[in-house]
Amino acid sequence: MTNRLKFGTFTPPYHPLGGNPTLALKNDIKTVRALEDAGYDEAWFGEHHSSGWETIPAPELMIATAAAQTKRIRLGTGVVSLPYHHPFMVAQRMTFLDHLTEGRAIFGVGSGGLPSDAAMIGLDAELGRRRYEDAFKTILELIRSQDAVSHKTDWYELVEARVHLPAYSDPHLEIVTASTSSPTGPTLAGRYGVGMLSLGQWTPTGADSLTKNWGIAQAEADKQGQTISRDNWRVVGISFVAETEKLAREMCKSNLGMVFEYLSKTAPFPPVKATDPDDIIDELNDSGVAMIGSPSRAVDRLNKLVEDTGGFGTYLIMNGDWAAHRDIIRSFDTFADKVMPHFQNQLAALERSFDYVSRPSADDPNLSWTKAKLIDAKAKTANLHAAGPTA
């Protein structure tokens, strides 16, 4: 692994009812611009078709919009729900997006997060999982190979199909499978040698779940003769930081209860038992599900997560409306300033330089070496002036 952890956001999104939906989506794009300015590496968008809160049905469109307003940050589909789409159309759109973003798009895939989405198109869970695996294999053939693909199933057919645009990225855009509690995602990641996007940290035993899923992916990769890398492993978690613990709590109080009331009805992890905002924060922090508070709390928690899992390449902050949008941006800025440098080898050189100039003087331990040198130089200059001009 590299010694530089990357950072980004994962936006389902969570927009509480009662707000302007157009403004909420515009704020999601504004957030990506702010993330790029702050030095984040990636921003991911989800795909959902129900619930009233998670209002992005086409992550590709969000990525195309965000790409036009940014220059560097990479943009991922988190995820394209493969059972809902014809595989050929997905491969075509993502290759197209590879060009529109000039190689910044990341293709994240999954089976679909909300059962209500699948129910509306008459798709049961077991059929969805089967379609997910079948579609993923076919899409990989279309993206990775120049050969025509012919394939017939009970829900789609390909007849000498080819993606007609060449890849922009070399050899093609990055592909990542989503992983929660099911072994399907990590198994596919290992079988086909692609990256993994893990949301399993959302439970009190999250680190154990993450480690187990990585083990599944690695075992399958070894079995199939594939190579996978922890550098291509992304872990999603909840984090909201401010300059102080008290300020972070104050920023969150207005929205946190609403968001977790929604999650209690839709999320796969057990909801918090608390209802008071401060108690919710305490429960989240104590269980390890989230890190809400000061930068030092986030540094300690993230260090432990890296240690417990054995390491990963990117930490993605779950981007929900935990607070007002201005405070969300402020939190991301604080995280970039006070947390990210600890994991990107950005502090040691500066600390060594400061230690060098501030080390005690050999002649006077109460003075720093630098200050003693300056005093000595000043004294010598004063003596020269006192002596007057020389012949």
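Colleague: What should I know before I start?

Modeller: This is a predicted model, where local features need pLDDT of at least 70, side-chain atom pairs count only at pLDDT 80 or more, and totals for chains, interfaces and linings use all residues. Residues are numbered from 1 along each chain as its sequence is written, and side-chain values use heavy atoms, with hydrogens and water left out.

Colleague: At what angle do helix 2 and helix 3 pack?

Modeller: Axes are lines fitted to C-alpha atoms, for helices over the stretch in contact, and angles run from 0 to 180 degrees between N-to-C directions. Helix 2 (residues 59-68) and helix 3 (residues 87-100) pack at about 10°, axes 11 Å apart. They're therefore roughly parallel (angles under 35 degrees).

Colleague: Which residues meet there?

Modeller: Glu60, Ile63 and Ala64 in helix 2 meet Arg93, Met94 and Leu97 in helix 3, with contact meaning heavy atoms within 4.5 Å.

Colleague: Which residues of helix 5 are buried?

Modeller: Buried means under 20% relative accessible area (1.4 Å probe, protein chains only). An α-helix has 3.6 residues a turn, so residues three or four places apart point the same way. In helix 5 the buried ones include Gly128, Arg131, Tyr132, Ala135 and Phe136. The buried residues of this helix pack against helix 3, strand 5, strand 6, strand 7, strand 8 and helix 6.

Colleague: And Ser239, buried or exposed?

Modeller: Ser239, in strand 10 (residues 233-241), counts as buried because its relative accessibility is 4%. Beyond neighbours within four places in sequence, Ser239 is in contact with Met291, Tyr315, Ile317 and Phe335.

Terms used. Helices (H or I, at least four residues) and strands (E, at least two) are DSSP runs, numbered from the N terminus. Angles under 35 degrees count as roughly parallel, over 145 as roughly antiparallel, 65 to 115 as roughly perpendicular and the rest as oblique. Buried means under 20% relative accessible area, exposed over 50%, partly exposed in between (1.4 Å probe, protein chains only).
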